[in-house]
Amino acid sequence: MGKSTGRKVMKNEEGDNCDPWWWLVHRNIGASFLCIAVFAFLVRVAVSFHPYSGAGNPPKYGDYEAQRHWMEITLNLPAKEWYHNSTTNDLNYWGLDYPPLTAYQSYVHGLFLRTFHPESVSLFTSQGHESYFGKLLMRWTVLSSDILFLFPAVFCFVVVCYTGHGRGCRSDIAWLIAMILLNPCQILIDHGHFQYNCISLGLTIGAVAAILSDKDLVACVLFSLALNHKQMSTYFAPAFFSHLLGKCLRRQNPIFEVSKLGLVVVGTFAIVWWPYLHSMDTFLGVLHRLAPFDRGLYEDYVANFWCTTSVLIKWKKLFTIKSLKFLSFWATILTCLPSMIQQIWSPSHRGFLYGLLNSSFSFYLFSFQVHEKSILLPLLPASLLALEEPFHFRALFVLFYLLYYVPGGREDARKMQSSSTLKSLMISFLVLCSLFLHLIYITLQPPEKYPFLFEAVIMLLCFSQFILLTVYTNAKQWMLLKHSTLMDKDKKLV
């Protein structure tokens, strides 16, 4: 009797440990998340007080004016005219170039602005509107988007990923939350430069959490919404596709499982695109707006393959746009392929997270027309994997790296450093190089003959690090396959 009672007690304790609410309360994760979230919100508010790029600079006034103008257009014109060039909607003046969900978001935020400050979104007369109250309302739309989409998604990810797994101590999980919510790139781009990347990133994190909790249909809906908010979410598409396909192929009726997921994706897209499905010309017109081929192969000084190698190979002069589209397409596909094959062959949750990083790096390094803000895409899975790869991924966040390894800041820091001395030295060297280059960039003037020399050197350093990291993470993802094979052999022996 005593033995059976003991077993029941152990089962109850394990069951309690798997309960999210027990886990949040007894490990104080909920309190940690709340404190970090409040601090992250205050940081965003502080950044919002500073001027945005393009302020007071006619004729386009920066990204603030782009977002405000989209609110103006979506409020005052019917949906079928949002992407159509006309006398009332000049697409050369900040024309909509994001999928329909961004347009719907602009409409909702426009309603908020019209309620409190109608002149800021009135048709024609509001162009270049930069009143203090209008800016304040716009800032609050970005802050509220962060609170409604990114913050809850991060909370769900942490709960799903660490509840009942016994992985990660409380301080580790708190650091992970901080690294995601206090990502300096996302804060500066959304709240300094003025954008709404937090919505698509939040939807993507929600989709990842759904995958990790085996709610594949929910994941399909959330990721489809992310794709329909920002087309750059396509960076993650190979990872989602290969992981879900790999899972479906291992079930009793693979064709039914694939069809079920496909119907959910098609249904979600159909609902979002409904206003544009009644006419083929309208539909193709929207698609044309979403394809940035007219902007060229890359933005200046983005640390990807095309921009970095353009110092030696003048891609834009030697090749036509059509040829460059072909080259970039196959370069992206081929570099994504190893990661996709691994997940189709042996899908796993850890492999999926590495797949997200590898596919996003493939797109960032080799796809057509990479924007500087696209670094947010690889940074997302890198931060989600921070506890798996503390040296490599925390190096992406110098601020956190320096704070994380202060004396007494982490009990097992010395153990980790002693076991990975080479990695530690390499990352310390790269961090010091980055800091040194930025100090030079801030304090010294470049030679007159080479006015962009410092930018080019920083780009080269970043590109070399991205290439090394991509090779390492692809190898690490395939090593998971070896680990799962060994586990299967152990099970057979038992």
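Predicted model: local features only at pLDDT ≥ 70, side-chain atom pairs only at ≥ 80, totals over all residues.
Which residues of α18 are buried?

Residues are numbered from 1 along each chain as its sequence is written, and side-chain values use heavy atoms, with hydrogens and water left out.

To return to the opening question, the buried residues of α18 are Leu376, Leu377, Pro378, Leu379, Leu380, Pro381, Ala382, Ser383 and Leu384. Buried here means under 20% relative accessible area, exposed means over 50%, and partly exposed lies in between, with a 1.4 Å probe and protein chains only.

Across the protein, buried residues make up 47% of the 494 residues. The secondary structure consists of 23 helices and zero strands; helices (H or I, at least four residues) and strands (E, at least two) are DSSP runs, numbered from the N terminus.

Let me turn to one pair of helices. Helix α11 (residues 237–249) and helix α17 (residues 349–366) pack at an angle of about 145°, with their axes 7 Å apart. Axes are lines fitted to C-alpha atoms, for helices over the stretch in contact, and angles run from 0 to 180 degrees between N-to-C directions. From α11, Pro238, Ala239, Phe240 and His243 meet His349, Phe352, Gly355, Leu356, Ser359 and Phe363 of α17, where contact means heavy atoms within 4.5 Å.

Arg44 is found in helix α3 (residues 29–48) and has a relative accessible area of 0%. Leaving aside residues up to four places away in sequence, Arg44 touches Leu143, Asp146, Leu150, Phe151, Leu181, Gln186, Ile187 and His191. As for contacts in the protein between residues at least 6 apart in sequence, 75% join residues at least 24 apart.

Finally, confidence. The protein averages a pLDDT of 84, and 83% of the residues score at least 70; pLDDT is the predictor's confidence in each residue, from 0 to 100. Over residues 1–17 the pLDDT is below 50, and this stretch has five contacts in the model beyond near neighbours in sequence.
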